Amino acid sequence: MARTEPQTLLVMSDSHGDRAIVQEVKERYLGKVDAMFHNGDSELDAKDSLWDGIYVVRGNCDYDSAYPNQLVVQLGDVTIAQTHGHLYGINFSWMRLDYWAEEVEADICLYGHLHVPDATVRGKTLFVNPGSIRQPRGMIKECLYAILTIFEDHIHIEYYNRDHQVYAPLTKDIPR
Ligand SMILES: [Mn+2]
């Protein structure tokens, strides 16, 4: 049966104590996307009401152990694996994150930690780092979050800055 509506995901990460921007993004997209994700290092309490309606995992700077280290979320026919990345050694190698994504049969693997935006396919999985919404590192000096729109035959990815403007150089279409 054909899907009529594309699924839309909002993804942010590494807000490092900036609760206001997470709140702002949440309010902006609430009811307009199918799911919201924060990939860790918020440095906020896991019980914060901000997390109502957001899938969130624990980063290396999150001292609240009530956060899960990883989640696997099923959204329609799309399996989404989410983790911060430090526990899989992504500073050093893709190997462990690749194995985990394969093990849980993830269509999309969301991660953070590196503060560098990324959307690349390895194996059968699209790996997405939304960048950091507070502390960019690397070549791209923009605080970013990502919006993924999942169509039947491709996934459209756009990155946005803190003013909610598209950062066009990173816009991509990935075949499914
Ligand atoms: Mn971080």
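In what order do the elements of the protein chain run from the N terminus on? They run β-α-β-β-β-β-α-β-β-β-β-β-β. That makes 2 helices and 11 strands in the protein chain. Before going further, please keep in mind that this is a predicted model.

## The chain as a whole

Let us start with the overall picture. The C-alpha trace spans about 45 × 35 × 35 Å along its principal axes. For 176 residues, a compact globule would have a radius of gyration near 16 Å, and the 15 Å of the protein chain agrees with that. Of the 176 residues, 51% are buried. Among contacts with a separation of 6 or more, 50% are made by residues 24 or more positions apart. The protein chain exposes about 8,600 Å², and carbon and sulfur atoms supply 50% of that area.

Now look at β1, which covers residues 7-12. How many of its 6 residues are buried? The count is 6 of 6, so β1 is mostly covered. In a regular strand, side chains alternate between the two faces of the sheet. Here, Q7, L9 and V11 point one way from β1, while T8, L10 and M12 point the other way. All of these residues are buried, whichever way they point.

Two strands pair with β1. One is β9 (residues 144-150), which pairs with β1 in the antiparallel sense over 5 bridges; in this pairing, Q7 stands opposite I150. The other is β2, which runs parallel to β1 and is joined to β1 by 4 bridges. There, M12 stands opposite H38. To get from β1 to β2 the chain passes through α1, and this β-α-β crossover is right-handed.

## The manganese site

Which residues coordinate the manganese ion? They are D14 through OD, H16 through NE2, D41 through OD and H115 through NE2, at 2.1 to 2.3 Å. Along the chain, these donors follow the spacing D-x1-H-x24-D-x73-H. D14 comes from the loop between β1 and α1, and D41 from the loop between β2 (35-38) and β3 (54-56), so this pair ties together parts that are 27 residues apart in sequence. D41 is buried, with a relative accessible area of 2%.

Besides being a donor to the manganese ion, D14 has a positive phi of about 50 degrees, although it is not a glycine. H113 also has a positive phi, of about 70 degrees, and is not a glycine either. Where does each of them lie? D14 is in the loop between β1 (7-12) and α1 (19-29), and H113 is in the loop between β6 (108-110) and β7 (118-122).

Is D14 buried or exposed? With a relative accessibility of 0%, D14 counts as buried, because buried means under 20%. H113, at 12% relative accessibility, counts as buried by that cut-off too.

The table sets these two residues out together.

| Residue | Phi | Relative accessibility |
|---|---|---|
| D14 | about 50 degrees | 0% |
| H113 | about 70 degrees | 12% |

Definitions and conventions: Residues are numbered from 1 along each chain as its sequence is written. This is a predicted model: local features need pLDDT of at least 70, side-chain atom pairs count only at pLDDT 80 or more; totals for chains, interfaces and linings use all residues. Side-chain values use heavy atoms; hydrogens and water are left out. Buried means under 20% relative accessible area, exposed over 50%, partly exposed in between (1.4 Å probe, protein chains only). Donors are N, O and S atoms within 2.8 Å of the metal (3.2 Å for Na, K and Ca); water is not among the atoms, so sites may look incomplete. Two strands pair if DSSP finds at least two bridges between them. A crossover is right-handed if, with the strands pointing away from the viewer, the path from the first strand over the helix to the second runs clockwise. The radius of gyration is taken over C-alpha atoms; the globule rule is 2.2 Å times the number of residues to the power 0.38. Contact means heavy atoms within 4.5 Å. Accessible areas come from the Shrake-Rupley method with a 1.4 Å probe; for residues, only the protein chains shown count as cover.
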